[in-house]
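Dear colleague,

Please find below the structure that I am handing over to you. My notes on its surface, its helices and its charged pairs follow.

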Amino acid sequence: LLDGRDVSETSALEYTEPFEAFMAEISDETFDVKIASGGGRMNITMDRYEANWPMVERGWKTHVLGEGAQYSSATEAVKSMREENPG
């Protein structure tokens, strides 16, 4: 989860880019690892303030069922979401 609560709001790429580079280094023809899902605390998955159960349901569907937008990498997802939702 990337949320800006404990880290800067726009720091996601500081984490996803090096981590995906590390995963690429350890992957080979017998072992492939990728980030499977993600989301921001206040947009998907967690809601400790409003008891917004539809938000929690979206998180469940995203993280457990794999529903939602699909991207080739977490870095691509972050960049795409920033373009779609500036500010």
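In these notes, a residue is called buried under 20% relative accessible area, exposed over 50%, and partly exposed in between (1.4 Å probe, protein chains only). Helices (H or I, at least four residues) are DSSP runs, numbered from the N terminus. Please note that this is a predicted model, in which local features need pLDDT of at least 70 and side-chain atom pairs count only at pLDDT 80 or more, whereas totals for chains, interfaces and linings use all residues. Residues are numbered from 1 along each chain as its sequence is written, and side-chain values use heavy atoms, with hydrogens and water left out.

I begin with helix H2, which spans residues 53–63. Its buried residues are Met55, Gly59 and Thr62. These lie on the same side of H2, because they cover an arc of only 65° around the axis (the arc is that of the directions from the helix axis to the C-beta atoms). Trp53 and Trp60 are exposed and sit on the face of H2 turned away from its buried side.

The next topic is salt bridges, each defined as a side-chain nitrogen of Lys or Arg within 4 Å of a carboxyl oxygen of Asp or Glu. The whole structure contains three of them.

A second salt bridge joins Lys79 and Glu17 (3.9 Å, N to O). This pair links distant parts of the chain, since Lys79 is in helix H3 (residues 74–84) and Glu17 is in helix H1, 62 residues apart. Both partners are partly exposed, Lys79 at 42% relative accessibility and Glu17 at 38%.

In the remaining salt bridge, Lys34 meets Asp32, the closest N and O atoms being 3.3 Å apart. Lys34 and Asp32 are both exposed.

Finally, Phe19, Phe22, Ile26, Phe31 and Ile35 make a nonpolar surface patch of about 440 Å². Such a patch takes residues with over 30% relative accessible area and no salt bridge, with nonpolar side chains (Val, Leu, Ile, Met, Phe, Trp, Tyr) joined within 5 Å; the areas come from the Shrake-Rupley method with a 1.4 Å probe. Phe19 lies in helix H1 (residues 12–26) and counts as partly exposed at 42% relative accessibility.

With kind regards

Key:
Patch = residues over 30% accessible without salt bridge, like charges linked within 9 Å, V, L, I, M, F, W, Y side chains within 5 Å. Helix = DSSP H or I, 4+ residues; strand = E, 2+ residues; numbered from the N terminus.
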